[in-house]
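Subject: Structure handover

Hello,

Here is the structure you are taking over. My notes on it follow below the entry.

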Amino acid sequence: MTKLIMTVNGKKVSRDVPDETLLSEFLRESLRLTGTHVGCDTTQCGACVVHVNGTAVKSCSVLAVSLNGESVTTIEGLADGGQLHPMQKAFNDNHGLQCGFCTPGMIMASVDLVAKAKAAGRKLSEDDIRHGLEGNICRCTGYHNIVKAVAQAASEM
Amino acid sequence: MTVHKSLPHDSGPLHVTGAARYVDDIPVPAKCLHLAFGLSTVARGSVTSMDLGAVRAAPGVVAVLEASDLPFANDVSPSAHDEPLLSTGRVNYVGQPLFVVAATSHLAARKAVRAARITYAEEPPVLTVDEALAANSRFEDGPRIWTKGDVDAALAKASNRLSGRIEIGGQEHFYLEGQAALVLPQENGDMVVHSSTQHPTEIQHKVAEAIGKPMHAVRVETRRMGGGFGGKESQGNALACACAIVARATGRPAKMRYDRDDDMVITGKRHDFRIDYDVGFDETGRVSAVDFVQATRGGWAQDLTLPVADRAMLHSDNAYLLPAARITSHRLRTNTQSATAFRGFGGPQGVVGIERVMDHIAAHLGLDPVEVRRVNYYQPMAGATWEDGGSAPRPAASPRDISGTKAGRGLAFGAAHSPASHRPVANTTPYGMEVKDFVLHAMSARLLGSAGYAARREAVAAWNAANPVLKRGLGFSPVKFGISFTLTHLNQAGALVHVYQDGSIHLNHGGTEMGQGLFQKVAQVAAARFGLDTDAVRITATDTAKVPNTSATAASSGSDLNGMAVRVACDMIRDRMSVCLAEKFALRPEDVVFDAGEVRAGDHSMSFAEAAMACYQSRVSLSATGFYKTPDLSWDRIAGQGRPFFYFAHGCALTEVVVDTLTGENRILRADILHDAGASLNPALDIGQVEGAYVQGAGWLTTEELVWDDKGRLRTHAPSTYKIPACSDRPEVFNVALWDGENPEATIYRSKAVGEPPFMLGISAFLALSDACASCGSAYPDLQAPATAEAVLAAIGRARG
């Protein structure tokens with residue numbers, strides 16, 4: 001057991017957790033933040049992506065205690081109060097989702113992709129988006145509307 | 001009207017905020033147990049000893065059950081009762097559940113199963129098609145054979161003849177949400193089950209048998225699945241039954257979700273096929289006869305193999321009028337996962353067979369593959385000839401009544417129409433069904449025009465002449481897909497609609513939501529019947545206590561069946577309201593109009609909520625069940641004769657690829673698609689289905705390769721070794737449009753089913769790869785599926801001779 005103190009979606013949380021607890025498990029089981037999904041258990045599918053200090057991380061393969069003192073943002077923390085993040089709105093408006101299981105991870109990965117490009121002063125091309133999301137699998141949409149959604153949000157972020 | 005509108009998915013706002021709940025997200029009561037199966041590690045044999053002492057002693061373990069501990073039925077089969085939940089001693093594949101552990105956490109249960117000490121008496125497994133044929137290991141007495149005409153005579157007379165073989169691999173569903181179930185024990189031994197399933201009634205049925213209760217003791221609820229694709233039609237039975245048995249034994253809630261590796265190892269996949277063909281044709285490529293032999297590996301238990309293999313036979317004509325045909329189908333029993341439903345349900349495999357034949361004929365005669373397909377097409381329905389396709393989009397036909405089964409029938413097809421055609425033969429399928437709604441001539445012409453086929457064909461030839469290493473290819477494929485369950489009694493659906501006194505509407509039906517947008521499409525129907533926006537309609541979880549005896553949400557039938565059932569229920573309530581309001585204002589019921597959020601009765605106008613309140617206060621029932629059954633079906637699967645389908649849905653695709661001839665690596669450059677969803681209930685959702693289906697279909701035939709070793713172990717049991725199309729694999733240019741026709745049959749608002757048919761459009765990517773390989777030499781490349789880089793490289797070698 002380790003005493004874990006973490007900032008999650010802007011709020012400080014403190015829990016005693018077994019050392020082997022995965023971040024995804026901690027978020028889902030201890031904090032009941034079930035928007036972070038576990039799809040493949042092995043960092044392949046990207047359904048579990050969250051932000052750690054603003055950077056996209058696959059939470060199914062990170063030990064929670066390794067992030068003691070860090071700041072984590074999940075899909076539940078992305079909206080600003082009742083106001084959806086531009087990426088959330090774009091996925092909804094562009095039909096960039098079907099079953100929805102990949103959506104939270106896809107959105108978190110996309111926000112990171114756009115933010116990184118912006119920070120580097122680069123404009124994201126469609127090709128950048130396609131390759132930037134290679135680590136997130138969607139089995140429903142064929143990705144077409146996901147790329148459209150990310151491109152739209154990138155112009156608004 | 002809310003129908004024919006591109007409204008977003010109803011759960012969109014929940015999905016983008018992470019608020020949508022899947023089974024594993026539902027808060028569970030205290031003391032919930034978590035389950036894991038112990039799995040067989042050999043493919044065939046018997047268990048000689050099973051020491052579970054260390055499992056029982058492992059931390060967190062509360063109960064361990066073997067087959068002998070099961071109180072009632074030990075059966076999770078959806079068909080032949082040949083699939084025990086837990087092995088009774090025989091093992092039939094690597095991954096077969098032998099025992100189940102219930103522990104205080106998911107991890108504790110998974111760790112504990114690894115402590116089992118099991119010994120086996122191994123036997124040589126039956127793994128391949130050849131091994132199964134040699135051992136006569138199969139699911140029916142012998143092969144199923146359907147025949148049209150005198151095939152042998154026609155083949156003997158043909159001026160040209162070719163034969164060949166194509167191997168077609170299976171496919172892992174990889175629904176993003178793995179299989180999951182949660183069971184909550186109730187008073188009196190009843191059970192409430194939350195299951196990620198396409199078939200809640202089947203779960204209810206199997207759970208009831210497993211706990212020795214009637215079906216009324218089990219209520220199954222399914223709000224949504226994180227993808228299904230057919231993989232949740234029968235494969236969820238084991239989890240729900242195991243949870244119910246544990247809940248019964250311990251009195252505690254029980255939950256099970258497969259870890260991804262377990263999911264891939266335990267559950268069934270798409271059937272792989274080997275198809276041999278022998279075809280006769282003339283100088284124009286027109287087929288006079290074809291003889292197909294299909295062999296499929298059904299795995300260890302029957303599951304849905306018989307109807308899957310039937311559907312492969314039913315689609316071995318695809319879009320082509322075959323004057324004579326024989327289709328022989330071997331349904332083989334092998335020591336592998338029990339192959340199951342997967343989008344298309346055997347249809348895609350049958351279609352690949354005949355598309356390979358068309359490809360081979362074109363290559364043999366040196367003709368354009370599009371032209372060979374065109375001369376073999378079924379005769380078109382009125383207004384759907386090749387020439388019609390080149391023109392500008394036609395105005396939509398005048399709306400006809402959607403309710404009658406007679407209206408519209410015969411009108412559209414009554415005129416004897418034949419495009420100055422050549423063929424005296426009847427326009428019938430190999431199973432004797434007349435094709436009356438064929439629109440692929442016009443669709444193909446339109447697509448090939450908008451995609452610039454002729455010019456691109458020349459550009460590809462020029463590119464290939466100029467580039468020695470990178471070769472391009474174009475592939476065109478049509479699809480004609482039969483809509484209806486081939487087990488006729490499944491073509492029924494029910495709905496339950498309540499109008500509350502405040503005018504809000506509660507909607508329930510037997511269909512399940514797996515991302516396809518069914519709930520939204522059906523809500524659009526309900527809203528349209530009352531003249532309201534979809535906001536007025538609350539779509540609720542599928543629930544066996546609200547609508548009983550449902551069929552699986554499968555065979556693309558979800559909106560056809562449930563949309564109609566909901567319409568019937570809504571109209572019943574609307575008619576009662578009309579009668580009530582007409583009486584009140586001394587009018588005729590037909591003078592009461594529901595439109596634009598209002599109810600107008602003569603000069604009186606009121607909100608729908610006011611109308612609902614008035615009817616409630618007049619003691620009118622505002623609740624109704626609706627029921628629908630598809631008309632005019634008759635089918636004899638043994639004889640292979642009848643009308644198994646209500647109608648056909650169509651589509652066509654043109655794909656361009658580039659292949660690196662040094663490595664076989666390849667890429668889809670562009671895909672153009674025109675798909676027939678009838679008068680679409682929701683074009684945005686339907687286009688989404690088409691796009692997703694194309695990529696999934698192309699994945700099946702290109703990168704997705706299942707590999708079993710010689711011990712029967714699946715070596716591709718995670719996405720690290722099984723390559724699912726990623727964002728960068730989708731076509732760089734992707735143009736998808738819907739055909740502007742409507743369903744001549746009286747379906748819900750003249751729409752057509754859309755879930756499965758576009759899956760087969762991915763075949764164009766395979767054909768494009770074949771085309772690129774063919775450009776490397778003069779021999780037929782004989783490309784096999786999936787066309788992995790290795791398979792492409794081998795095909796290039798064959799083309800070069």
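B:Val599 is found in strand β22 (residues 598–601) of chain B; helices (H or I, at least four residues) and strands (E, at least two) are DSSP runs, numbered from the N terminus. With a relative accessible area of 0%, B:Val599 is buried, where buried means under 20% relative accessible area, exposed over 50% and partly exposed in between, using a 1.4 Å probe and protein chains only. Leaving aside neighbours within four places in sequence, B:Val599 is in contact with B:Leu581, B:Val592, B:Val593, B:Phe594, B:His604, B:Ser605, B:Met606, B:Ser607, B:Phe608 and B:Ala611; contact means heavy atoms within 4.5 Å. B:Val599 and B:Ala677 are 78 residues apart in sequence, and their C-alpha atoms are 32 Å apart in space.

This is a predicted model, in which local features need pLDDT of at least 70 and side-chain atom pairs count only at pLDDT 80 or more, while totals for chains, interfaces and linings use all residues. Residues are numbered from 1 along each chain as its sequence is written, chains are lettered from A and ligands numbered from 1 in the order in which they are written, and side-chain values use heavy atoms, with hydrogens and water left out.

Another buried residue is B:Cys32, at 7% relative accessibility. B:Cys32 sits in the loop between α1 (12–17) and β1 (33–39) of chain B. Not counting residues up to four places away in sequence, B:Cys32 touches B:Ala103, B:Thr104, B:Leu182, B:Pro253, B:Ala254 and B:Lys255.

Next, the helix pairs. Two packed helices are described by the angle between their axes and the distance between the axes.

Helix α15 (residues 518–530) of chain B has 13 residues and reaches 19 Å from its first C-alpha to its last, close to the 18 Å expected at 1.5 Å a residue; the expected span is 1.5 Å times one less than the number of residues. Of the 13 residues of α15(B), 13 are buried. Just after α15(B), B:Gly531 takes a positive phi of about 65°.

The partner of α15(B) is helix α16 (residues 558–585) of chain B: their axes come within 9 Å and cross at roughly 25°. Axes are lines fitted to C-alpha atoms, for helices over the stretch in contact, and angles run from 0 to 180 degrees between N-to-C directions. The angle therefore makes α15(B) roughly parallel to α16(B); angles under 35 degrees count as roughly parallel, over 145 as roughly antiparallel, 65 to 115 as roughly perpendicular and the rest as oblique. The crossing of α15(B) and α16(B) is right-handed, meaning that the near helix is turned clockwise from the far one by less than a right angle, anticlockwise being left-handed. Residues of α15(B) in this contact include B:Leu518, B:Val522 and B:Phe530, and those of α16(B) include B:Asn562, B:Val566 and B:Arg574. By class, the contact has eight nonpolar, four polar and five charged residues; Ala, Val, Leu, Ile, Met, Phe, Trp, Tyr, Cys and Pro count as nonpolar, Asp, Glu, Lys and Arg as charged, and the others, Gly among them, as polar.

The 28 residues of α16(B) should span 40 Å at 1.5 Å a residue, and its end C-alpha atoms are 39 Å apart, which agrees. B:Ala586 follows α16(B) and has a positive phi, near 55°.

Helix α6 (residues 200–210) and helix α7 (residues 237–250) of chain B pack at an angle of about 40°, with their axes 9 Å apart. That makes α6(B) oblique to α7(B). Among the residues in contact are B:Ile203 and B:Val207 of α6(B) and B:Ala240 and B:Ala244 of α7(B).

Lastly, the backbone. Most residues other than glycine have a negative phi, and most peptide bonds are trans. A:His95 has a positive phi, near 55°, and is buried at 18% relative accessibility. B:Arg619 has a positive phi near 60° but is exposed, with a relative accessible area of 79%. A cis peptide bond with omega about 0° joins B:Ala785 and B:Pro786; B:Pro786 is in the loop between α19 (763–774) and α20 (789–800) of chain B.

Regards
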